[in-house]
Amino acid sequence: MEVIVVKDYQELSKVAAEIIIEEVKKNPNAILGLATGGTPLGTYENIINAYKQGEVSFKGVKTFNLDEYCGIDKKHPQSYYHYMHENLFNHIDVLPENINIPSTEGNDLQAQCDKYNELLNQNTIDLQLLGIGGNGHIGFNEPGTPFTQETFVVELAEKTREDNKRFFNSIDEVPTHAITMGIKNIISSKKILMLISGKSKVDAAYNLIKGPVTEEFPASVLNNHPNTIVIIDEEAYSKLK
Ligand code: GLP
């Protein structure tokens, strides 16, 4: 794991965007794995700016998102479908047919997982962007998830629902379940870019970089991946100095 320590969130967002843009310039048909949450927002802003300045095109790019909430419609303002369109896809030239986000529509969620997993098996992700949950989750793979796990319906940990309630009116509105790529899908990516920012991630950063590789801390699996870059700001790095 290569660890790049940057000054602050702004620099983190700039460096992350540069790495993604370079990947797409090098391979205009790149397959990108994308993440949601607060952390990648600045990265997406930088990517949009680069696109608007004619620096990069996403016409040949395919995207796969990590996860989606169950029990809310994709039009819901907090769905990851909505997040991705609002914060990235509506502002760049990626083709709608090349966008893949797990669908949680209908009653047969297992069939939705199988369908998404099949697509992932047919498409090797070149670069997977990741954030980290306060409890070490990646995607929505909560502590205890086997490293061999493929796409599945997960019951969200209480800590995750608490962390994400800031995006909803109350904890009762935070979904209890989601569909997420499994850890096996994530580590099948050729390259992984993990972003860690801010005080609330100090312990998660410490456990990722210094802790043991254990299913109790899902992100620790990245220590076994041959091509992972962690970009971390000084605040999140403070316990590691
Ligand atoms: C969310 C997402 C993850 C994200 C993490 C951290 O619940 N499922 O993909 O990385 O939690 O989010 P944030 O960046 O808002 O701290």
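Is Tyr44 buried or exposed, and what is its relative accessibility? At 0% relative accessibility, Tyr44 counts as buried. The legends below describe close-up views of a predicted model.

**View 1. Tyr44 and Tyr83, an aromatic pair between two helices.** The model has seven aromatic pairs. One of them joins Tyr44 and Tyr83, with 6.5 Å from centre to centre and 75 degrees between the planes, an edge-to-face arrangement. Tyr83 is buried, with a relative accessible area of 12%.

**View 2. Tyr69 and Tyr80, a tilted pair.** The ring centres of Tyr69 and Tyr80 are 4.8 Å apart and the planes meet at 40 degrees, so the pair is classed as tilted. Tyr69 is part of strand β4 (residues 67-69), whereas Tyr80 is part of helix α3; the pair therefore ties together parts that are 11 residues apart in sequence. Both Tyr69 and Tyr80 are buried. These two tyrosines belong to one aromatic cluster, formed by Tyr44, Tyr69, Tyr80, Tyr83, Phe140 and Phe168.

**View 3. Two lysines over tyrosine rings.** Lys74 lies over the face of Tyr81, at 4.7 Å from the ring centre. Lys239 is placed over the face of Tyr206, where the distance to the ring centre is 4.8 Å.

**View 4. Helix α1 and its packing partners.** Helix α1 (residues 9-26) has 18 residues, which at 1.5 Å a residue should span 26 Å; the end C-alpha atoms are 26 Å apart, in agreement. The buried residues of α1 are Leu12, Ser13, Val15, Ala16, Ala17, Ile19, Ile20, Ile21, Glu23 and Val24. They pack against strands β1 (2-6), β2 (31-34), β6 (127-130), β9 (191-196) and β10 (228-233), and against helix α2.

**View 5. Helix α2 and the glycine that follows.** The 12 residues of α2 reach 17 Å from the first C-alpha to the last, close to the 16 Å expected at 1.5 Å a residue. Gly42, Thr43, Tyr44, Ile47, Ile48 and Ala50 are buried in this helix. The buried residues of α2 pack against the helices α1 and α3 and the strands β2, β6 and β9. After α2 comes Gly54, which has a positive phi, near 75 degrees.

**View 6. The seven-stranded open sheet.** The strands pair in parallel and follow the order β1-β10-β9-β6-β2-β3-β5. β1 and β5 (99-100) are the edge strands, each pairing on one side only. Within the sheet, β2 and β6 pair in the parallel sense over two bridges. Leu32 stands opposite Leu127 in β6.

**View 7. Strand β10 and its two neighbours.** Six of the six residues of β10 are buried, so the strand is largely enclosed by the rest of the structure. Both faces are covered: Thr228, Val230 and Ile232 are buried on one side, and Ile229, Ile231 and Asp233 are buried on the other. β1 runs parallel to β10 and is joined to it by five bridges; Val5 has Ile232 of β10 as its bridge partner. Five bridges also join β9 to β10, again in parallel. Here the bridge partner of Leu193 is Ile229 in β10.

**View 8. Cys70 and Cys113, two cysteines without a disulfide.** The model contains zero disulfides. For Cys70 the nearest cysteine sulfur is that of Cys113, 7.5 Å away, and for Cys113 the nearest is that of Cys70. The sulfur atoms of a disulfide must lie within 2.5 Å. Cys70 is buried, with a relative accessible area of 10%. Cys113 is also buried, at 0% relative accessibility.

**View 9. Glu173 in a loop.** Glu173 is found in the loop between α5 (158-164) and β8 (177-180). Its relative accessible area is 37%, so Glu173 counts as partly exposed. The C-alpha atoms of Glu173 and Gly71 are separated by 9.9 Å, although the two residues are 102 residues apart along the chain.

Methods. Residues numbered from 1 in each chain as written. Predicted model: local features only at pLDDT ≥ 70, side-chain atom pairs only at ≥ 80, totals over all residues. Heavy atoms only, no water. Phe/Tyr/Trp six-rings, centres within 6.5 Å; stacked < 30°, edge-to-face > 60°. Helix = DSSP H or I, 4+ residues; strand = E, 2+ residues; numbered from the N terminus. Buried < 20%, exposed > 50% of the residue type's maximum accessible area, 1.4 Å probe, protein only. Lys NZ or Arg CZ within 6 Å of the ring centre and 35° of its normal. Expected span 1.5 Å × (residues − 1). Contact = heavy atoms within 4.5 Å. Pairing = 2+ DSSP bridges.
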